[in-house]
Amino acid sequence: MRVKRRPVSIRSLRDAIAFLDHQPGQLIRTGTPVDPAAELSGVYRYVGAGGTVMRPTTVNGPAMLFESVNGHPDASVLIGLLASRSRVAAMLGCAKEDLGHLLCECVREPIAPVVTQEPAPAQEVVHLASDPDFDLFRLLPAPTNTPMDAGPYITLGMCYATHPDTGLSDVTIHRMCIQSRDELSIFLQPGSRHIGAMAERATELGQPLPISVSIGVDPAIELTSCFEPPTTPLGFDELSIAGALRGEPVRLCACKTIRESAISNAEYVIEGEILAGSNHVVEDQNSHTGYAMPEFPGYNGRASHECWLLKVKAVTHRRHPIMQTCIGPSEEHVNMAGIPTEASILALIDKALPGKVKNVCAHRAGGGKYMAVLQCVKSVHTDEGKQRQAALLAFSAFPELKHVILVDEDVDLFDTDDVLWAMNTRFQGDRDIITIPGVRCHPLDPSSNPAYSPSIPDVGVSTKTIFDCTVPFHLKEKFRRAPFMELDYRKWLHE
C-alpha cells in the first residue's frame, strides 16, 4: 500500500521558508545581529538543536532564520529546517511515521534530473576567483559551531560530480572548511562515499575532479542526498530519488567555470576542482585546535590530516542569498541521515522477509546512524526467529549501524519510553542479546578504538549487537497490554 500524501509544492529553500511561515511555531525570524563564529550555533543549541547535542537543548524546536549576520549585510542564515521529524513530514505531505516508507517508494521509482538552459536563480550574482577581491571568508556566511572548530564550515553543501570513466553523476554531503580566499578542505572518508571514489580515480588519471557545491536547496534534495550503498551504488544519482519525492525532475544548470552541473534553485553554488593527489590537507591548519567540528555522535571530531583540497573557481548566488547550515550532532542530522537509513533497511528486509517488519526508526540517540528500532510482526509460530534475521539484514542494509533493538508491533517504536518498557518487560540479557564482534562500523564512534578495549583491532571496528525485546510467539497471549475502552475522547474536551 502506497504512503498517503497531502499536496505540497516545495521546490526551493524559499518555498520551504514560505511554507513554515504559515505553520505556527515552526520558524523564528530574528533581526538581532549574530556572529556566525560560534554564537549562531550557540543560540540554536537552546532553541531547537536536539539530537545528541549536550544538554540543555530543545528537541523538535522551530527552525531559525538569522536575518542580520555580522560581516554579511546582504545575506541571512537558516538553521534547523529539518530538525523536527514532524516538520519534515509536513513539508513532504505525509505522516511522520511514514517517512521511511515514502523514501523507500521513491528509490524504486526514480525520476532523473534534467539540465535546463533557463536562467538559473543560483547564478543571479557571479563572483570569479580570478577577481583580486574574491574571498570565501567574505562571500560565505559559513558558521563555526564551537570556538574549537577548525574554521568556518559548510555543513549542508550538496556536492555534485561526475565519474571520470563512466560519466555517471552523484550527489553527497561532506564537511568542508574554508581554508583560504579560494580554497576549501573537503573530508572524503576513504571508501565510504561516491565522490571519494571519483576523486581517487581522477588522481589515478592525473587530473582534477570538477565539482559543484550547491547550498540552500529544498528538503527533498537534502534528505535524498544522504542515501548510501548498497541502496544507492556507485553511479546511482540520488537526485533522481529527490525527483520522485517532488514528483518532477530536479533542475540542473551548467556551471560558469567548470564542466559540471549545479542545482538550479540553490541559494549558493561553489564551483571548483578537487586537485589530484591532494588528500593530505591538514584540516585545522589555521586554528591548530586539533578538532574539526562537532560530529553526529555528540563529540568534537578530530581534525583530519587527510582532507582533499578543493580549489574554488567561482561562487554564484541568488540576490540576498540564504546560507543554510546545521549543527553536526543536531536533530537535523538525525533526520537527514536517519530517514534514508530507515528506507534502506525497509527496502532490503521487505525483499527477504516481506511483511515481517512493519516499520523502522533510526533513533536520535545514535545520530540516525548507530541505532535502529525494528517493529516486528509474528503472525504464526514459524515467524519466531525471523525477527533476528531481520536485524542481520538491517546491518547489511546500512553497514554503519551498531545496535538493533527489536520490538513487537504493539510497541510505538518512535516513543523511547515505550521501547524501554519493552526492554524492561520483554527482555532477558542472558538469552536476548546477540553480539557480532569484529565488524567494521564507523570511525567516529569513540568507543570503536583499540584504546577502549583490547578486543577491538582497529579504529572503526565494533561489536554489533541485537537486543531482542520481542515476546516469544508461544507466550504472546501472556503479554497482552492492559486494554482500555476504545472511544472518541474529544467530546469531553469541547469545554
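Analyst: Of the 495 residues of the protein chain, 56% count as buried. Buried means under 20% relative accessible area, exposed over 50%, and partly exposed in between, with a 1.4 Å probe and protein chains only. This is a predicted model: local features need pLDDT of at least 70, side-chain atom pairs count only at pLDDT 80 or more, and totals for chains, interfaces and linings use all residues. Residues are numbered from 1 along each chain as its sequence is written, and side-chain values use heavy atoms, with hydrogens and water left out.

Now the serine. Ser-453 sits in the loop between strand 22 (433-440) and strand 23 (461-468). Strands (E, at least two residues) and helices (H or I, at least four) are DSSP runs, numbered from the N terminus. Ser-453 has a relative accessible area of 19%, so it is buried. Its side chain makes a polar contact of 2.8 Å with the side chain of Ser-455. A polar contact is a pair of N or O atoms within 3.5 Å; within protein, one must be able to donate a hydrogen and the other to accept it, and residues adjacent in sequence count only if both atoms are side-chain atoms.

Next, the chain around the loop. The protein chain has 12 helices and 23 strands. Its C-alpha trace spans about 75 × 65 × 40 Å along the principal axes. Among contacts (heavy atoms within 4.5 Å) between residues at least 6 apart in sequence, 72% join residues at least 24 apart.
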